[in-house]
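Visitor: I have a model open and would like to go through its side chains. Can you walk me through it?

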Amino acid sequence: ADAAAAAVNPAETFRDGLALMDKGRFAEALRYITQTCDALIQDSTQIAKKTQIVQCVEYKVALKILTRTKEIERELGGFPEAAVELAQLTILLLQIPMLPKHKVICQKMAVKRNLEAENFGVAARVIRELLECSPENVKRDLTEKLEQCEDRQFKNSLPEAYCAEKVTFCWETFRPLKEDTPGAVLSCNYCPAVVDASTRTAPSGSGQHPPQETCTMCKFGALE
């Protein structure tokens, strides 16, 4: 694996991954971004700089979420639960730092999905953000959508955990985390990844925390 990672040109592979992402080929893009991250983590200079590895990790989780949205669209189609699940996932996408053009695409996706799920408060908040950076020809449509949210009194239909401005979520289960509960969250000591501690089981009957493990996202830091 190390030899394969060493053969990868990280800049090219990352660029190719983003190009696939732009075409909606999320699962393929994820493979490219993962290869990029695996190559960078072999480079001590990149580990020290950290910036590019963190960017790869953020795109990895974004692409995992986007891949999941495609699976839901395929599996559940027009079922009501699909609208709820897709709205929730788009809210999580908005928590991830991305390049400006990808952020705007995810914001538009979040508006569409939250309107479909009748989650009007969150939809309105994202519309207002889009209005600040949209050209005039797009603003009319956004303003109409904002009025639709106002007509519905900005009411949210999703659980409160999804509707806060900042949502901390597990990067493996894509579910919100209760940060104020002691021991509920494991964080990577290198990259921004966070996971639900309840998914890690301690040795049976030991009463101890499970042994520290390497982060599955950056494959370098430890979850603690």
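**Salt bridges and backbone**

Guide: Glutamate 85 counts as buried, at 19% relative accessibility (buried is under 20% relative accessible area, exposed over 50%, partly exposed in between, with a 1.4 Å probe and protein chains only). This is a predicted model: local features need pLDDT of at least 70, side-chain atom pairs count only at pLDDT 80 or more, and totals for chains, interfaces and linings use all residues. Residues are numbered from 1 along each chain as its sequence is written, and side-chain values use heavy atoms, with hydrogens and water left out.

Visitor: Which residue forms a salt bridge with glutamate 85?

Guide: Arginine 175 does, with the closest N and O atoms 3.3 Å apart. A salt bridge here is a side-chain nitrogen of Lys or Arg within 4 Å of a carboxyl oxygen of Asp or Glu.

Visitor: And arginine 175, how accessible is that?

Guide: Arginine 175 is partly exposed, with a relative accessible area of 36%.

Visitor: How many salt bridges in the whole structure?

Guide: The search finds 14. One of them pairs arginine 200 with glutamate 172, the closest N and O atoms being 2.8 Å apart.

Visitor: Is arginine 200 buried or exposed?

Guide: Arginine 200 counts as buried, at 15% relative accessibility, while glutamate 172 is partly exposed at 31%.

Visitor: Switching to backbone: what is phi at lysine 219?

Guide: Near 60°, a positive value in a residue other than glycine. Lysine 219 is partly exposed, with a relative accessible area of 41%.

Visitor: What about phenylalanine 154?

Guide: Phenylalanine 154 has a positive phi of about 55°, although it is not a glycine. Its relative accessible area is 33%, so phenylalanine 154 is partly exposed.
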